[in-house]
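Let's take a friendly walk through one protein model. Have a look at the chain below, and then we will go through its charges, its helices and its surface.

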Amino acid sequence: MSADRRDPREEQVRRMLDGPHPALPPDLAARAVRRGGRRLRLRRAARRTAGWLLAVALAVFLVWAGVEQPWATEPAQVTPPLEGW
């Protein structure tokens, strides 16, 4: 694309970037640090809670499997008929 045929949106973005920049609040960095710390603590708490829930679910499953023993076959209730004597 030649220099004289630029996209109008690109020109608008260039004008916005070249223009005066708005003043930032003086406490912006401190607020960002507080917010980031809060997010980090929440994320850690969520991971910790998820880990505990997973451990409890595994323990419940192991207790259930030990009591019910789903891999064992049930004993036959009736003896099969004896034939051929």
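## A patch of positive charge

Arg34, Arg35, Arg38, Arg39, Arg41, Arg43, Arg44, Arg47 and Arg48 make up a positive surface patch. For such a patch, residues need over 30% relative accessible area and no salt bridge, and like charges are joined within 9 Å. Lys and Arg count as positive, Asp and Glu as negative, while His and the chain ends are not counted. Each charge is placed at NZ of Lys, CZ of Arg, CG of Asp or CD of Glu.

Before going further, please note that this is a predicted model: local features need pLDDT of at least 70, side-chain atom pairs count only at pLDDT 80 or more, and totals for chains, interfaces and linings use all residues. Residues are numbered from 1 along each chain as its sequence is written, and side-chain values use heavy atoms, leaving out hydrogens and water.

Arg41 lies in helix α2 and is exposed, with a relative accessible area of 54%. Arg44 is found in helix α2 as well, but it counts as partly exposed because its relative accessibility is 46%. Here buried means under 20% relative accessible area, exposed over 50%, and partly exposed in between (1.4 Å probe, protein chains only).

## The chain as a whole

How many helices and strands does the protein chain have? There are two helices and zero strands; both kinds are DSSP runs numbered from the N terminus, with at least four residues for helices (H or I) and at least two for strands (E). The C-alpha atoms fill a box of roughly 105 × 40 × 15 Å along the principal axes. The radius of gyration of the protein chain is 35 Å, whereas a compact globule of 85 residues would have one near 12 Å. That radius is taken over C-alpha atoms, and the globule rule is 2.2 Å times the number of residues to the power 0.38. Of the 85 residues, 1% count as buried.

In total, the protein chain carries 15 positive and 9 negative side chains, and the centres of these two sets are 16 Å apart.

## Pairs of opposite charge

Side chains of opposite charge can pair when their charged atoms come close. A salt bridge is counted when a side-chain nitrogen of Lys or Arg is within 4 Å of a carboxyl oxygen of Asp or Glu. By this rule there are three salt bridges:

| Salt bridge | Distance, N to O |
|---|---|
| Asp7 and Arg9 | 3.5 Å |
| Glu10 and Arg14 | 2.9 Å |
| Asp27 and Arg31 | 4.0 Å |

Glu10 and Arg14 both sit in helix α1 (residues 8-18), four residues apart, which is about one turn of the helix.

## Towards the end of helix α2

Leu58 belongs to helix α2 (residues 28-68). Together with Phe61, Leu62 and Trp64, Leu58 forms a nonpolar surface patch with about 440 Å² of accessible area. Nonpolar side chains (Val, Leu, Ile, Met, Phe, Trp, Tyr) are joined within 5 Å, and areas come from the Shrake-Rupley method with a 1.4 Å probe. Arg44 and Trp64 are 20 residues apart in sequence and 30 Å apart in space, C-alpha to C-alpha.

Finally, Gln69 lies in the segment after α2. Gln69 has a positive phi of about 45 degrees although it is not a glycine. Most residues other than glycine have a negative phi.
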